[in-house]
Amino acid sequence: IEAFGSESEYYCALGKYIDDMGTKGGITAVICRNAYSLEKISAALGEKEIKIISEHDALPSGGAVLLELSLAKGLEFDNVILADVDKEGYPDNELGKHCLYTAMSRATQRLVILSCGELSNILKK
């Protein structure tokens, strides 16, 4: 679990975690809370080889994928990076808690939780 004070540090760390988890095999899913976050992260990652998963796409057998939380429900991944676990994406209410639980429980082996700015208050309890 890490929070970063600047976008440059945040995106640099996100890229390093994607690379690191890629060496461990299986699928690495970068799960974003919503479409806005997904688009922003996709643009920031630029050239990095990461497939954006939409509603009708099949999952690859390996590598890194980027998807919204709504599409991750019911799926499991070897490695999961929750890339936007801040107060806005996961507010401290019942829906925020449910969404964070759903996102965290997608990981079967490794889980990384990142935030640009202050982490969600849910994680502070």
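By buried I mean under 20% relative accessible area, by exposed over 50%, and partly exposed is in between, with a 1.4 Å probe and protein chains only. Helices are DSSP runs of H or I of at least four residues, strands are runs of E of at least two, and both are numbered from the N terminus.

This is a predicted model, with local features needing pLDDT of at least 70, side-chain atom pairs counting only at pLDDT 80 or more, and totals for chains, interfaces and linings using all residues. Residues are numbered from 1 along each chain as its sequence is written, and side-chain values use heavy atoms, leaving out hydrogens and water.

I'll take α4 to begin with, residues 94-104. Its buried residues are Gly96, Cys99, Leu100, Thr102 and Ala103. Seen down the axis of α4, they fall within an arc of 160°, taken from the directions from the helix axis to the C-beta atoms, so they line one face of the helix. Glu94 and Tyr101 are exposed on the face turned away from that side. The buried residues pack against β2, α3 (69-72) and β5 (77-82), where contact means heavy atoms within 4.5 Å.

Now α2, residues 35-45. Here Ser37, Leu38, Ile41 and Leu45 are buried. Their arc, seen down the axis of α2, is within 100°, so they too line one face of the helix. Tyr36, Glu39 and Ala43 are exposed on the other side. The cover over the buried residues of α2 includes α1 (7-22), β2 (27-32), β3 (51-52) and β4 (63-68). Just after α2, glycine 46 has a positive phi of about 55°.
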